[in-house]
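Subject: The structure you asked for

Hi there,

Here is the structure to open alongside this email. Have a look at it first, and then read on for my notes.

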Amino acid sequence: MVVDKSQERVRRMFGAIAPKYDRMNHLLSLNIDLYWRWRTVRMLPAEGTMPILDVCTGTGDLAFAFLKRTRGQIPVVAADFCHEMLEIGRRKKRAVENAGQIEFVEADAQELPFRDNTFQIVSVAFGLRNVADTDRGLREMARVCRPRGRVAVLEFSMPRRQPMKALYGWYFRAVLPRIGQWLARNEHQAYRYLPQSVSEFPEGSRLVQHLEAAGLENVRYYPLTLGIVTLYVAVKPAA
Ligand SMILES: C[S@@+](CC[C@H](N)C(=O)[O-])C[C@H]1O[C@@H](n2cnc3c(N)ncnc32)[C@H](O)[C@@H]1O
């Protein structure tokens, strides 16, 4: 079965779960999602004054992690095409230090409203899988990244080793969708969409090929938490 990732469906689905999105994330991952974002920003040291862009930012947690890591010294742009998610991000902004350095922008990852070579880091966490055209999204991320800058993708993956493979497979496909649907009731079946979209999405060396096809090089990937999530880091070649 091919998952329906039409723009409108994805946007409405995230709009419907937006008020519960953060709580559900922390609950379903037992707060390990905080660690994944922390690891991501540690793997991507920022320098100078060029801004950082986080696409498919949702409520902005990775963007806030960059803001915290750089102590507000570097501007962070947080972009998403779902208005409801961005509104929650903007609300959260009021409670953080250096809030002036983070800006939420409504934008489609496949058509970013930024000039070429603008950002030193361009990241996406748990978002690329939802973008209708993965390659177009990656090409846009590469385009707006500066030469020698880094493009990072944090995404779910499936563990390869037993018994984790079987145990996690059961939790992810059978338990999580039920708990998710039950706690964040929504007509879009968002928590059934999650395992379906992950199982169809390329991971490991297959995603590396997509990053390379977008013109990126030196792609490395790091399985985290026994492989339930993978962080990919790529470099944009020098001009
Ligand atoms: C699972 S959430 C991830 C949010 C956040 N990055 C995080 O780590 O929690 C996926 C986000 O991708 C956004 N998204 C999906 N397709 C998009 C697109 N084409 N352009 C911009 N945002 C998109 C959705 O609106 C949603 O907020």
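Below is what turned up, beginning with the ligand and ending with the backbone.

Please keep in mind that this is a predicted model.

**The ligand and its surroundings**

Where does the ligand sit? You will find it in the largest cavity. There are 21 residues around the ligand, and the ones that come nearest are Tyr-21, Cys-56, Asp-80, Ala-109 and Ala-125. If you sort the shell by residue type, 12 are nonpolar, six are polar and three are charged. Helix α1, which spans residues 7-28, supplies the largest share of that shell, with five residues.

A polar atom in the side chain of Tyr-21 is 2.7 Å from an oxygen atom of the ligand. Asp-80 also uses its side chain: one of its N or O atoms lies 2.7 Å from a ligand oxygen. With Cys-56 it is the backbone that takes part, as a polar backbone atom there is 2.8 Å from a nitrogen atom of the ligand.

**Aromatic pairs**

The structure has 10 aromatic pairs. One of them is formed by Phe-126 and Phe-156, whose ring centres are 4.7 Å apart. Their planes make an angle of 40°, and the pair is classed as tilted. This pair links distant parts of the chain, since its two residues are 30 residues apart. Phe-126 is in the loop between β4 (119-125) and α5 (134-144), while Phe-156 belongs to strand β5 (residues 145-156).

**Two backbone details**

Which residues are joined by a cis peptide bond? They are Gln-162 and Pro-163, with omega at about 0°. Pro-163 lies in the loop between β5 and α6 (164-183).

The other detail is at Leu-30, in the loop between α1 and α2 (32-43). Leu-30 has a positive phi, near 55°, although the residue is not a glycine.

Happy to go through any of this with you.

Best wishes

How values were computed: Residues numbered from 1 in each chain as written. Predicted model: local features only at pLDDT ≥ 70, side-chain atom pairs only at ≥ 80, totals over all residues. Heavy atoms only, no water. Near = heavy atom within 4 Å. Polar contact = N/O pair within 3.5 Å; in protein donor to acceptor, adjacent residues only side chain to side chain. 1 Å grid on protein atoms, 1.4 Å probe; cavity = no way out; pocket = protein on both sides within 12 Å on 5 of 7 lines; lining within 4 Å. Sits in = over half its atoms within 2 Å of the grid points. Helix = DSSP H or I, 4+ residues; strand = E, 2+ residues; numbered from the N terminus. Nonpolar A, V, L, I, M, F, W, Y, C, P; charged D, E, K, R; others polar. Phe/Tyr/Trp six-rings, centres within 6.5 Å; stacked < 30°, edge-to-face > 60°.
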